[in-house]
Structure formats: C-alpha cells, structure tokens
Amino acid sequence: MGDMICVGRLAGAFGVRGEVRLKSFCADPEAIVDYVPLSTADGREFRQIVLTGQGSGAYTARVDGITTKEEADALKGADLFAPRDRLPALPDDEYYHADLIGLAVHDTGGALLGTVRAVLNHGAGDLLEVLPPHGQATVLLPFTLAAVPTVDLAAGRIVADPPEGLFEG
C-alpha cells in the first residue's frame, strides 16, 4: 500500500443502526470525508462517509455498506487509506507518517541508531519509535527539530541528535 496513506480508523459501532465511531488522522479531522473512496488493508472500499456527530476522541458516521451494529463491530480497528495523490501536498517540514516508517536513523556522527518502526503521539507531540539494529527494545525519540534536525526522504534516512543516554542500553 505504498501509494496509500492511512487517514483514519473505524472504532466500532455507535448505536444499533449501523453508525460507526470514526477516528480521523487528518490535520483537519472533518476533511476525511473529502478523500473518499477510502479502502481497508484487505481492499474493502467505502465510497461515501457522512459525519453525523462527534463523541469523545472520534466522530460518529454513516459509512456506505455498513448497515448493522454487527457489521460495524466486525470492522473495529480497520484502518482507512486514501490514495496519496488525493491528499494535500505538505510543507517542507511536515511528513506523512507512512513516509517516515522504515527510514534509517543515524546519529550526527553517522552511526546507525536503528529504523523507524512507528510514529506515535500520546498528546504531547510526535515520537519516533526506533528499533535499534540488534533487536533491543525500541526507543522513543522525540520528533522535534532539536532531536531530529534532518529528515532526508530522498536518501531514506533521518539524522538524529538524541538526548544524552537515550540510545544507551
């Protein structure tokens, strides 16, 4: 799914008539409806999404093809993907998570620190989950300009200046 970007996730049923809870990963959360059709990793396609409300941490929505609570619950946790070419271009200092995952992370001296496994955000800013080269436990690297001064997508690498002791183990 290299040309697809995850823009949201189905989070289970809302009520008993097929409405779903929908988490949007878009900068403007309501813009998720602008990127239809959306697809799941297994190829199921949703051509229409209508936001019907907003709950805690998610929207409520009607999604074509989902008409019962059981169908909505069966899709709980399904990521929704949009084609990259339907999404807006980003400024030079912003990145889609999909572009960062898999990049090699080197320190400022060129030593390999690991590979980006995931991009996380628990409310205080983005973190890069970095898997060291020898399979040790992952390290959470703050995705700030101070800790990550260079992201070079063309070269497939990140240069990091991590806080002292972060990668020692």
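Because the model is predicted, local features need pLDDT of at least 70 and side-chain atom pairs count only at pLDDT 80 or more, while totals for chains, interfaces and linings use all residues. Residues are numbered from 1 along each chain as its sequence is written, and side-chain values use heavy atoms, with hydrogens and water left out.

I begin with the chain as a whole. The protein chain has 2 helices and 13 strands; helices (H or I, at least four residues) and strands (E, at least two) are DSSP runs, numbered from the N terminus. Along the principal axes, the C-alpha atoms fill a box of roughly 55 × 30 × 25 Å. Of the 169 residues, 34% count as buried, where buried means under 20% relative accessible area, exposed over 50%, and partly exposed in between, with a 1.4 Å probe and protein chains only.

I turn now to the salt bridges. How many salt bridges does a search of the whole structure find? The search finds 5, a salt bridge being a side-chain nitrogen of Lys or Arg within 4 Å of a carboxyl oxygen of Asp or Glu. One of them joins Asp79 and Arg9, with the closest N and O atoms 2.6 Å apart. This pair links distant parts of the chain, as Asp79 is in strand 7 (residues 79-83) and Arg9 is in strand 1 (residues 4-13), 70 residues apart. Asp79 has 24% relative accessibility and so counts as partly exposed; Arg9, at 31%, also counts as partly exposed.

Another salt bridge is formed by Asp99 and Arg84, again with the closest N and O atoms 2.6 Å apart. Asp99 belongs to helix 2 (residues 97-100) and Arg84 to the loop between strand 7 and helix 2, so the pair ties together parts that are 15 residues apart in sequence. Arg84 is partly exposed, at 30% relative accessibility.

Glu129 and Arg117 also meet through their side chains in a salt bridge, at 4.0 Å from N to O. Since Glu129 lies in strand 10 and Arg117 in strand 9 (residues 112-121), the pair ties together parts that are 12 residues apart in sequence. Is Glu129 buried or exposed? Glu129 counts as buried, because its relative accessibility is 13%, whereas Arg117, at 49%, counts as partly exposed.

Strand 10 (residues 126-131) also pairs with strand 11, in the antiparallel sense over 4 bridges; two strands pair if DSSP finds at least two bridges between them. The bridge partner of Leu127 is Pro142 in strand 11. Strand 11 (residues 139-142) has Val139 and Leu141 on its covered face, and Leu140 and Pro142 on the uncovered one.

A brief word on one loop. Thr40 lies in the loop between strand 3 (38-39) and strand 4 (45-46), and Thr40 is buried, at 5% relative accessibility.

Finally, the largest pocket. Strand 1, which holds Arg9, gives the most to the lining of this pocket, with 5 residues. By class, the lining has 23 nonpolar, 3 polar and 7 charged residues; Ala, Val, Leu, Ile, Met, Phe, Trp, Tyr, Cys and Pro count as nonpolar, Asp, Glu, Lys and Arg as charged, and the others, Gly among them, as polar.
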